[in-house]
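Work through the exercises below with the coordinates open. Each task is followed by a worked solution.

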Amino acid sequence: MENTSTSALANEPLLRIEGVSKIYDGHIKAVDQITLNVASGEIFALLGGSGCGKSTLLRMLAGFETPSQGRIYLGGTDITDLAAYQRPINMMFQSYALFPHLSVSDNIAFGLRRDGMAKEAIAERVEAMLKLVQLSQYTKRKPHQLSGGQQQRVALARSIAKQPKLLLLDEPLGALDKKLRVSTQIELVNIIKEVGVTCVLVTHDQEEAMTMATRMAVMSAGSFLQVGSPKDIYQQPNSRQVADFIGSVNIFDGLVKQSPANSAQAQCIDVECADALLRVPSNQACHVDMAVGVAIRPEKMLLSHKKPSAKINHVGGVITEMTYFGAHTNYHVKLASGKVLQVQVQSHVDEDNADLSWGDQVYASWGDNAMVLLTQ
Amino acid sequence: MASLMQTLKNSIPSWLTGRRLVIGLPYAWFLILAFLPVLIVLKISLSEMQSTAVSGMVSWQGAWPSIKLDVSSYLFLASDELYLATYLSSISYAFYTTVICLGLGYPFAYFMARAPKQWQALLVMLIMLPFWTSFLLRIYAWKTLLVNNGLINNALLAIGWIDSPIEILNTPFSLLIGMVYSYLPFMILPLYANLSKLDARYLEAAADLGCHPFKTFWLITVPLSKAGIVAGCMLVFIPAVGEYVIPELLGGPNTLMIGRVLWDEFFSNNDWPMAGAVTIVMLLLIMLPLAIYNKLQSEGRA
């Protein structure tokens, strides 16, 4: 048994997931050896495509699924064997699961009544919750009489009414249309922060994860590919899959050349690609002739008619496509190897070289730090 | 050819559009096969019996038609307490049948709906299996099971639970057995149809909010299956009130059911107006509460 001193208790994260797996039919690993700590006050996002295991992991936290292996601790207490109705965890369901036969206020009061709270206290809390989500005038309505956005707010109010230690959000904005989603994201985060509840949310929408989460995990095939802040994951993806999943990206395939022992930079790796020689700042362990990828985000590239003076870190090609988006313009540049490069140029930058057009021979260049070496 | 089509088209009245036809057909069906027969029964109940047929209602005195309504059947119905007692007893038997069917059928339907998907079709088949055998045959079969030297009594004697055969057949108890047995599928099927559509996420949401599974059943499952409960209860209660065959075969001479009174009025007493009156009153007794319930329901929803 571990010896819990006071300092260990203070460092105990709110949620501790230890080697949790979910195995179906003896061999299908929906969730594979997940270990994760979530600190109090965090909004943690599980991001991944369908079937990556993110929902199964969330359902294990809620208590709807039992882990095949591993333990789950909440505030230092092992909750792995507690039934869903015994856990101080509440969930906002995908498409809400509001009780259709109960009014808005009865939906919100449902969990409070189960706790045997006094009637006046329940009424007070329900009122406070309705005020928080700005639905005070809809108390008597049934869920089907509300719009999608209003239902979403009732669902949120219901899930935080019991002041859970941990709030779970399953695709919280999945049922809303695109325009409503953006405004609701901000509103949702504001309410969560106001209440101060720790949050684990599941989403397949990378924008949603990036805007809402303080920290996130990219999941695939039941495992975490990368865990970090949205910025870290965007700027420093650790694998092709992550780079590809989060935003758009250009990946150059190449082989590691002999290490540049006499380079000015302390840690650089030369990668020989079909279209260029790239010198990538990286301290990853590589050996000569290792197949690697170099990721560069489209918005970190510059386009110009003029060939850069340096011999490395640029490519030449022909503009095959350009799409004007107002704030920025997307270009497709076809390289000699046949690879099509995506370049995004901000409009204010673009004004300097407004003469870029279809069929032009151009050069794309970028700063050293725009490149990320991907060894897997 | 074109002119022929045109002639055909012109011969169809202009008001007879496809839309009206589609809406009109079910109404016509209802009018001809449900409403009209009730009107005929109503007419018979207000006529006078003349040897083998009922009297005409309209007679002509010169140019003036005179309508003769004979309400004597209704007056007799109201004056004889036996009819009232029979109505009450019919309704109470139907009520108990419905309650027992609901009590047995609900868990049945619940576990059917929760069974693995590949079993459900088979279970529905099993529920409907008795319908492949004649209804009369099945009730006769119960007779042989329930008589004093029948299977049930013999089995109870053999294991020593009773010393002498107990009287089951021709009691209210045997009547209820037959009624519940016959009507149970009509309770289970609508309940199953309803419960199998129940979204499991509501149950999860209840659990998530700290609700014990038992309580979830009463607070979520039952209210959400109300439509199925109402449908099942109607499908059992309405035909059970007018049931004739089961009380005749299993109920013995002392169980009062309105279906048997009807039979007696028609075929023993040959009193068609009386039988008509009994039918109309029964119809009102069943329809009025349902109409009121429906009205309350639709008002509650608005």
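**Exercise 1. List the residues of α3(A) that are buried, and say what covers them.**

Step 1. In this predicted model, the buried residues of α3(A) are V104(A), S105(A), N107(A), I108(A), A109(A), F110(A), G111(A) and L112(A).
Step 2. Look for the cover. It includes β6, α4 and α5 (148-160) of chain A.
Step 3. Go just past the end of the helix. There G116(A) has a positive phi of about 70°.

**Exercise 2. Classify the crossing of α3(A) and α4(A), and name the residues that meet.**

Step 1. Take the two axes, for residues 104-114 and residues 119-132 of chain A. They come within 10 Å and cross at roughly 130°.
Step 2. Because of that angle, α3(A) is oblique to α4(A).
Step 3. Assign the hand: the crossing of α3(A) and α4(A) is right-handed.
Step 4. List the contact. α3(A) brings S105(A), I108(A), A109(A), L112(A) and R113(A). α4(A) brings I122(A), R125(A), V126(A), M129(A) and L130(A).
Step 5. Sort this contact by class: 7 residues are nonpolar, 1 is polar and 2 are charged.
Step 6. Recall the helix repeat. An α-helix has 3.6 residues a turn, so residues three or four places apart point the same way. Check the spacing of the listed contacts against that repeat.

**Exercise 3. Examine the positive phi values of D289(A) and N170(B). Is each residue buried, partly exposed or exposed?**

Step 1. Start from the expectation. Most residues other than glycine have a negative phi.
Step 2. D289(A) has a phi near 70°, a positive value in a residue other than glycine. D289(A) sits in the loop between β13 (277-281) and β14 (291-296) of chain A.
Step 3. Count neighbours. D289(A) has 10 C-beta neighbours inside 10 Å, so it counts as exposed.
Step 4. For N170(B), phi is near 65°, again positive in a residue other than glycine. N170(B) lies in the loop between α7 (151-158) and α8 (172-195) of chain B.
Step 5. N170(B) has 18 C-beta neighbours inside 10 Å and therefore counts as partly exposed.

**Exercise 4. Place V281(B) in chain B and find its separation from L46(B).**

Step 1. V281(B) belongs to helix α14, residues 272-301 of chain B.
Step 2. V281(B) has 19 C-beta neighbours inside 10 Å, so it counts as partly exposed. Buried would need 20 or more.
Step 3. V281(B) and L46(B) are 235 residues apart along the chain. Their C-alpha atoms are separated by 12 Å.

**Exercise 5. Describe the side of chain B that touches chain A.**

Step 1. Count both sides: 13 residues of chain B are in contact with 15 residues of chain A.
Step 2. Find the elements of chain B that give two or more residues. They are α9 (200-208) and α10 (213-224).
Step 3. α9(B) gives the most, with 6 residues.
Step 4. Divide the chain B side by class: 8 nonpolar, 2 polar and 3 charged.

**Exercise 6. Decide where chain A should be read with care.**

Step 1. Take the overall figure. The mean pLDDT of chain A is 88, and 94% of its residues reach 70 or more.
Step 2. Compare elements of chain A.
Step 3. Over residues 1-8 of chain A, pLDDT is below 50. Beyond near neighbours in sequence, this stretch has 1 contact in the model.
Step 4. Where pLDDT is low, the predicted coordinates should not be read in detail.

How values were computed. Residues numbered from 1 in each chain as written. Chains lettered and ligands numbered in written order. Predicted model: local features only at pLDDT ≥ 70, side-chain atom pairs only at ≥ 80, totals over all residues. Axes fitted to C-alpha atoms, helices over the stretch in contact; angles between N-to-C directions. Helix = DSSP H or I, 4+ residues; strand = E, 2+ residues; numbered from the N terminus. Parallel < 35°, antiparallel > 145°, perpendicular 65-115°, else oblique. Left-handed = near helix turned anticlockwise from the far one by under 90°. Contact = placed C-beta atoms within 7 Å. Nonpolar A, V, L, I, M, F, W, Y, C, P; charged D, E, K, R; others polar. pLDDT = per-residue confidence, 0-100. Buried ≥ 20, exposed ≤ 12 C-beta atoms within 10 Å, placed from the backbone.
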